[in-house]
Amino acid sequence: MSRKNYTFTSESVSEGHPDKVCDRISDAVLDAFLAEEPEARVAAETFATTNRVVIGGEVGLSDKDTLKDYMGRIEEIARDCIKDIGYEQDKFHHATCEITNLLHEQSAHIAQGVDASGNKDEGAGDQGIMFGFATRETPELMPAPIHYAHAMLRRLAEVRKDGTEPTLRPDAKSQLSVRYEDGKPVGVSSIVLSTQHADESQTSQDIRDIVEPYIREVLPEGWISADTEWWVNPTGTFVIGGPDGDAGLTGRKIIVDTYGGAAPHGGGAFSGKDPTKVDRSAAYVARYLAKNVVASGMAEKCTIQLSYAIGVSKPLSIYCDTFGTGEVDDGAIEVAIGKIIDLTPRGIREHLHLNKPIYARTAAYGHFGRAPEADGGFSWEKTDLVEALKGAV
């Protein structure tokens, strides 16, 4: 029997965290290529450190001359990302940092396994396992600790960028320890927030005075009590931040990107990868399926696992676990999933409309639990599969 009373902790990082700067640049490169050609192939990786950004990986467009033209835009794309995030530090500035573009054309040997040809359907871009998760803990059907850890940082980014809090700077991390009673989140035992700031004379208490009202604003009413521990900038001064303070790399915050450790993770990162890469697209559709299972009332929470082999179109396995909360058998849900949606890479991309420039916005504050957008962004958060699931089960 699972525990009912416990404390669970998740963390988030802001868009100015060094790893998130890299995720943003990689996804912005992806968006640029998809805007030119929806079938573009991209696997972009970014590294950032003091006054330096290096971008590498593989890209592919059907027109080689257009590909050369886009290669010349990579530096501008990276600088625009850094500027929008807000970096204008002496040792990491959008206008002066050195940008090195090492992107090259996609390997023909990878392409032959992925591309459709003759009677062969488009195959998965790699082998791997992908997980999706949903729970009734929040209206967004996300685990509460990661959902509210994101919300804290997203709110602080808003007031930093609109000028309300001019002393805040882009780099920040949050951590939230949530108390559960009878399996439901009821309060916060500790709040950790470290945020970069402008003035070395500002103390930890000064920063707490700035951020506390916004944290209270986004957390559910009554969750903060007199017993809640606050740890705001616990090491003291945090003026040197971003890639100047620590190196960054694409794909190093995969738990932050997903469920905060409350659910399994297949291991593959998302950012910089076009949707033929099942690391990304299959993780999105697994979340879509799990969310629709929970939204349909079939379970209080649900994990979906999918597995793929490189060059093979159909998933090798579909697994469902409703943790004993299911109104129907888990095996019946697995069968139903296979009937109502095409889980080949092409089927996923077409069902969720993934061949669009919608990815830079996913690079910070989580890929899941966000509202579906009119242009197709976060389409995997829709609950439009509920009736089909009910009918199939």
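Let's start with Lys161, which counts as partly exposed because its relative accessibility is 43%. The cut-offs there: buried is under 20% relative accessible area, exposed is over 50%, and partly exposed is in between, with a 1.4 Å probe and protein chains only. Before I go on, this is a predicted model, where local features need pLDDT of at least 70, side-chain atom pairs count only at pLDDT 80 or more, and totals for chains, interfaces and linings use all residues. Residues are numbered from 1 along each chain as its sequence is written, and side-chain values use heavy atoms, with hydrogens and water left out.

So who does Lys161 pair with? Its partner is Glu15, in a salt bridge at 2.6 Å, N to O. The rule is a side-chain nitrogen of Lys or Arg within 4 Å of a carboxyl oxygen of Asp or Glu. Glu15 sits in the loop between β1 (6-13) and α1, while Lys161 is in helix α5 (residues 144-161), so this pair ties together parts 146 residues apart in sequence. Whenever I say helix or strand, I mean DSSP runs numbered from the N terminus: H or I with at least four residues for helices, E with at least two for strands.

Over the whole model the count comes to 27 salt bridges.

Two others I'd like to show. Glu105 pairs with Lys64, the closest N and O atoms being 2.3 Å apart. That one links distant parts of the chain, with Glu105 in strand β6 (residues 98-105) and Lys64 in helix α2 (residues 64-71), 41 residues apart. Both ends are partly exposed, Glu105 at 42% relative accessibility and Lys64 with a relative accessible area of 45%. Then there's Asp279 with Lys273, where the closest N and O atoms are 2.8 Å apart, and here both residues are buried.

While we're on α5, Ala151 lies in that helix too, and it counts as buried at 11% relative accessibility. Ala151 and Glu217 are 66 residues apart in sequence, with their C-alpha atoms 9.8 Å apart in space.

Now the sheet that β6 belongs to. What is the strand order? It's β6-β3-β2-β11, an open sheet of four strands with mixed pairing, where two strands pair if DSSP finds at least two bridges between them. The edge strands are β6 and β11 (248-249), each pairing on one side only. Strand β3 (residues 52-60) runs parallel to β6 over eight bridges, and Val54 has Thr100 as its bridge partner in β6.

Two helices lie on this sheet. α1 goes across β2 (41-49), β3, β6 and β11, at about 150 degrees to β2. α2 lies across β3 and β6, at about 165 degrees to β6. For those angles, axes are lines fitted to C-alpha atoms, for helices over the stretch in contact, and the values run from 0 to 180 degrees between N-to-C directions.

α1 (residues 18-36) also carries Asp19. An unreviewed UniProt entry annotates Asp19 as "binding site"; such annotations may be inferred rather than shown by experiment. Asp19 is buried, at 2% relative accessibility. Leaving out residues up to four places away in sequence, Asp19 touches Ala247, Gly248, Leu249, Arg252 and Lys253, with contact meaning heavy atoms within 4.5 Å.

Last stop, the other sheet. Three strands make an open antiparallel sheet in the order β7-β12-β13. β7 and β13 are at the edges with a single partner strand each, so one side of each has no neighbour in the sheet. The twist averages 15 degrees from one strand to the next. β7 and strand β12 (residues 301-308) pair over eight bridges, and Phe131 has Gln305 as its partner in β12. α10 packs on this sheet, touching β12 and β13, at about 140 degrees to β13.

And the aromatics: there are 12 pairs, counted when ring centres of Phe, Tyr or Trp (its six-membered ring) lie within 6.5 Å, with planes under 30 degrees apart called stacked, over 60 edge-to-face and the rest tilted. One of them is Phe133 with Phe323, edge-to-face at 6.3 Å centre to centre and 85 degrees between the planes. Phe133 is buried at 4% relative accessibility, whereas Phe323 is partly exposed at 38%.
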